[in-house]
Amino acid sequence: MSENKTKLKNKAISGMIWSSGGSFAFQLIRIVTQIVLARLLWPEAFGLVALVMAFVSVANYLIENGLTLFIIRKQELKENDAYSLFIANMIFAFSIVVLFILSSGMIANYLKEPSTQLLLIISSSAILFNAFGSVHKALLTRELQFRGQTVIMLVSAIVSGFIAVVVSILNFGVWSLVIYNVSYQLIQTILLVRLYSFNYRGKIDRIFLKEAIVYSWKLMLSGLIHTVYENIFNIIMGSLFSVSALGYYSNALKIRDGAAQTLTDAIQKVSFPVLSKLQDKKDSMLETSRRILKLSIFIIYPILIGLAATSESIVKVVFNEQWLGMIPIMQILAINGLLIPLHKVNLNILTVIGRTDLYLRLEIIKKFVAFITISLALFVGVTLEGLLWVLFINAILGYIINVHYSKVFIGYGYLDQIKDISPVTFVSTIMGTLVFLCSMINLGSLTLLILQIGVGALSYIALSYFFLKTEFNDVLNILLSMFNKINKKR
């Protein structure tokens with residue numbers, strides 16, 4: 001293996017640990033904030049904000065995963081590339097905000113919740129803040145500078161969380177959650193601009209923007225289909241069940257995503273620029289993709305399976321009685337989350353090699369299948385839990401569809417991926433079983449939760465040491481290396 005390849009691989013793994021560790025700390029802060037706010041507010045407040053964010057999230061996804069991906073993938077940047085993309089993003093974001101303001105009344109009438117009109121207008125300001133800092137974030141990601149991004153993410157979460165809790169104590173009610181979302185985006189953008197600046201004056205390069213649009217529009221449309229699908233589910237839940245049920249789902253999803261989605265996104269953020277540098281080397285892409293998948297599930301699977309096993313204890317200890325309806329929802333979502341890293345790795349391969357047309361085709365096929373299954377489920381009148389299990393089935397079907405092109409382009413098919421994930425899945429399942437068996441002991445909720453966490457951590461470390469030596473040693477060596485660097489700086 002060449003020295004450059006080794007250096008790039010080590011940088012990728014190190015970046016993954018930094019990004020994943022920072023994301024875990026970030027989500028821990030956000031989860032603590034959510035718990036405090038959940039004790040101060042009511043499930044309906046979270047449901048109302050979830051309805052509003054169903055629209056804002058679509059715009060934010062397009063900004064974060066649209067044209068900015070092209071600047072990460074491009075091998076060499078010219079002087080006006082960043083400026084051109086910055087102006088394009090700001091025009092796009094401003095247009096969306098204006099559209100939201102003009103249509104806010106109709107949206108509120110459709111949702112049959114008049115208060116959502118003003119909530120939507122104020123929440124949409126986060127779109128502008130996000131657009132302003134998106135190019136800065138993309139340039140940092142391109143250069144694999146994740147330490148600074150991690151610090152920014154943590155500072156933004158702490159400050160916005162503190163503000164939200166204070167205004168909640170001052171009886172701002174549902175507005176506490178809106179202030180939380182908007183202030184986080186504002187603080188993050190301010191810090192990003194201070195960390196990484198570029199020339200805000202220049203000439204718009206139309207050729208560059210054309211190339212970016214040609215590359216990105218299929219990805220943007222794919223992301224739009226996926227994000228609309230996810231957020232329409234919020235609207236369906238809020239209208240067919242209740243705003244309280246949506247509040248349960250929204251909070252459970254945030255906790256689940258703290259364990260799965262955010263860590264997976266952090267891993268993808270590191271792997272995309274790394275794999276982009278290897279896009280012309282099939283063998284290197286295959287080797288790196290396998291290592292990324294195995295290491296990501298090594299970190300994520302025990303957390304998700306542990307979350308499913310401890311859901312009842314968690315809700316009873318950290319939430320109050322009005323949140324008990326969240327327990328079965330959290331358990332199903334945790335199991336569903338096991339598919340997230342598999343989806344991300346396979347779709348990343350298509351994005352890196354530039355086959356955005358296939359990415360779009362897959363997204364259309366998967367959402368068509370999902371539309372059929374969800375429609376049938378609603379037609380027969382399934383319960384909320386039943387609908388969530390339908391989503392899990394859709395996730396499995398989507399994974400089967402995604403893997404096809406990984407096999408075609410780099411030779412990473414079903415059997416290889418199942419072989420790679422089986423050891424971690426087996427070990428994580430044993431750990432989860434031991435944690436669940438602890439609930440048979442007659443203990444108080446807090447004592448039981450502490451016991452479950454201890455049993456889960458110790459058993460997974462011990463089992464990994466004996467059965468997952470490669471992944472265990474990779475993570476251990478990188479953590480030791482980071483610890484040594486911190487000690488040297490001291």
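Ala-457 is found in helix α18. Helices here are DSSP runs (H or I, at least four residues), strands are E runs of at least two, and both are numbered from the N terminus. Ala-457 counts as partly exposed because its relative accessibility is 39%; the classes are buried (under 20% relative accessible area), exposed (over 50%) and partly exposed in between, with a 1.4 Å probe and protein chains only. The C-alpha atoms of Ala-457 and Pro-302 are separated by 8.7 Å, although the two residues are 155 apart along the chain.

The model is predicted: local features need pLDDT of at least 70, side-chain atom pairs count only at pLDDT 80 or more, and totals for chains, interfaces and linings use all residues. Residues are numbered from 1 along each chain as its sequence is written, and side-chain values use heavy atoms, with hydrogens and water left out.

Confidence was examined through pLDDT, the predictor's confidence in each residue, from 0 to 100. The mean pLDDT of the chain is 82. A value of 70 or more is reached by 87% of its residues. Among the elements, helix α18 (residues 445-467) has the highest mean pLDDT, 94. Helix α11 (residues 261-277) has the lowest, 66. Where pLDDT is low, the predicted coordinates should not be read in detail.

The chain has 19 helices and zero strands. Of its 490 residues, 54% are buried. Contacts (heavy atoms within 4.5 Å) were also sorted by separation in sequence. Among those between residues at least 6 apart, 84% join residues at least 24 apart. Accessible areas come from the Shrake-Rupley method with a 1.4 Å probe; for residues, only the protein chains shown count as cover. The accessible surface of the chain comes to about 22200 Å². Carbon and sulfur atoms account for 67% of that surface.

Nonpolar cores were identified next. Each is a set of buried Ala, Val, Leu, Ile, Met, Phe, Trp, Tyr and Cys residues joined through side-chain atoms within 4.5 Å. The largest holds 67 residues. Ile-127 and Met-326 have the most contacts inside this core. Helix α2 (residues 43-64) gives the most to it, with 13 residues. Beyond its neighbours within four places in sequence, Met-326 is in contact with Tyr-248, Asn-251, Ala-252, Ile-255, Val-315 and Phe-319. A second, separate core has 33 residues, including Ile-292, Leu-338, Tyr-399 and Leu-468. Ile-300 lies in helix α12. Ile-300 is buried, because its relative accessible area is 0%.

The structure holds three salt bridges, each a side-chain nitrogen of Lys or Arg within 4 Å of a carboxyl oxygen of Asp or Glu. One joins Asp-420 and Arg-290, whose closest N and O atoms are 2.7 Å apart. This pair links distant parts of the chain: Asp-420 is in helix α17 (residues 414-437), Arg-290 is in helix α12 (residues 282-318), and they are 130 residues apart. Asp-420 is buried, at 6% relative accessible area. Arg-290 is partly exposed, at 28%.

Another salt bridge joins the side chains of Asp-257 and Arg-256, at 2.8 Å from N to O. Asp-257 counts as buried because its relative accessibility is 18%. Arg-256 is also buried, at 7%. Lys-316 forms a salt bridge with Glu-312, with the closest N and O atoms 2.8 Å apart. These two residues are four apart in helix α12, so about one helical turn separates them. Lys-316 is partly exposed, at 42% relative accessibility. Glu-312 is partly exposed, at 40%.

The surface carries a nonpolar patch made of Val-151, Val-155, Ile-158, Val-159, Phe-162, Ile-163, Val-166, Leu-170 and Phe-172. Together they have about 760 Å² of accessible area. Patches are made of residues with over 30% relative accessible area and no salt bridge; like charges are joined within 9 Å, nonpolar side chains (Val, Leu, Ile, Met, Phe, Trp, Tyr) within 5 Å. Ile-163 sits in helix α7 (residues 146-169). Ile-163 is partly exposed, at 32% relative accessibility.

Asn-171 is placed in the loop between α7 and α8 (175-195). Its phi is near 70°, a positive value in a residue other than glycine. Most residues other than glycine have a negative phi. Asn-171 is exposed, because its relative accessible area is 70%.
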